[in-house]
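Hi,

Here is the model I said I would pass on.

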Amino acid sequence: MAEDLNIVSGSKQEKYISITQQIEALITGEPDLTANLANIAAALKEQFGWFWVGFYMVKENTNTGNYELVLGPFQGPVACTRIAKGRGVCGTSWAKGETIIVADVEKFPGHIACSSASKSEIVVPIFKDASVVGVLDVDSELLDQFDTIDQQYLEAIVALIRH
Ligand code: SME
């Protein structure tokens with residue numbers, strides 16, 4: 001497909017329907033995971049203008065032998081590189097295998113503040129078979145920006161990823 005995105009206005013659902021179709025077209029037939037994660041982060045950032053959107057992927061730390069979340073393709077300010085299982089919103093989503101919506105990050109015990117500008121957050125796990133292989137993390141500078149509509153569409157978008 002052409003590399004230009006069609007950015008739409010309208011309801012949150014309308015934006016998600018449009019961007020999901022375009023993401024599907026961008027990544028279908030492309031086997032490179034990094035390229036696909038990079039384009040998904042860019043497409044979501046362009047459509048929604050969020051403060052930070054990107055991926056953390058489960059990888060072995062060759063120094064320790066532990067598996068950790070390691071920063072992957074993203075759009076936004078520089079971020080924490082590694083997150084342990086069960087730590088912060090991302091590590092909790094990985095440990096539980098569940099999407100986590102945080103209306104006010106200051107009220108989430110153990111939240112990892114990569115930036116003090118981030119106020120609300122949604123983290124969606126990415127599955128391969130029954131295992132979490134990474135997470136999609138979206139941060140907003142505004143409180144209470146994410147709900148079950150975001151959850152529904154972001155879960156559908158990460159299900160398009162072939163790992
Ligand atoms: N706030 C996240 C860390 C990642 S950054 O926000 C990009 C967390 O608590 O897991």
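(Helices, H or I with at least four residues, and strands, E with at least two, are DSSP runs numbered from the N terminus.) D129 has a positive phi of about 55° although it is not a glycine. With a relative accessible area of 75%, D129 is exposed; here buried means under 20% relative accessible area, exposed over 50%, and partly exposed in between, using a 1.4 Å probe and protein chains only.

D144 also has a positive phi, near 55°, and is again a residue other than glycine. You'll find D144 in the loop between strand 6 and helix 4 (148-158). D144 counts as exposed too, at 53% relative accessibility.

Before you go further, some housekeeping: this is a predicted model, so to speak of local features I needed pLDDT of at least 70, side-chain atom pairs count only at pLDDT 80 or more, and totals for chains, interfaces and linings use all residues. Residues are numbered from 1 along each chain as its sequence is written, and side-chain values use heavy atoms, with hydrogens and water left out.

Now the cysteines. How many disulfides does a search of the whole structure find? The search finds 1, taking a disulfide to be a pair of cysteine sulfur atoms within 2.5 Å. The partners are C80 and C114, with their sulfur atoms 2.0 Å apart. C80 lies in the loop between strand 2 (67-75) and strand 3 (82-84), and C114 in the loop between strand 4 (100-102) and strand 5 (120-128), so the pair ties together parts that are 34 residues apart in sequence. The torsion about the S-S bond is about -125°, so this disulfide is left-handed. C80 is partly exposed at 21% relative accessibility, and C114 is partly exposed at 36%.

C90, on the other hand, is in no disulfide, and the nearest cysteine sulfur, that of C114, is 7.6 Å away. C90 is buried, with a relative accessible area of 3%.

C90 turns up again at the ligand. Of the 13 residues around the ligand, C90 is among those that come nearest, together with V89, I112, E121 and D139; a residue is near a molecule if one of its heavy atoms lies within 4 Å of it.

Which polar atoms lie by the nitrogen atoms of the ligand? A backbone N or O atom of I112 is 2.7 Å from a ligand nitrogen. In the side chain of E121, an N or O atom is 3.1 Å from a nitrogen atom of the ligand, and a polar side-chain atom of H111 is 3.2 Å from one. The ligand exposes 300 Å² when taken alone, and the protein buries 98% of that. Strand 1 (52-60), helix 3 (88-96) and strand 6 are the elements that give two or more residues to the shell around the ligand. Helix 3 supplies the largest share, 3 residues.

One last item, also in helix 3: K96 lies there, and K96 is exposed, with a relative accessible area of 54%. Its C-alpha atom is 9.2 Å from that of V132, although K96 and V132 are 36 residues apart along the chain.

Cheers

Notes
A polar contact is a pair of N or O atoms within 3.5 Å; within protein, one must be able to donate a hydrogen and the other to accept it, and residues adjacent in sequence count only if both atoms are side-chain atoms. Accessible areas come from the Shrake-Rupley method with a 1.4 Å probe; for residues, only the protein chains shown count as cover.
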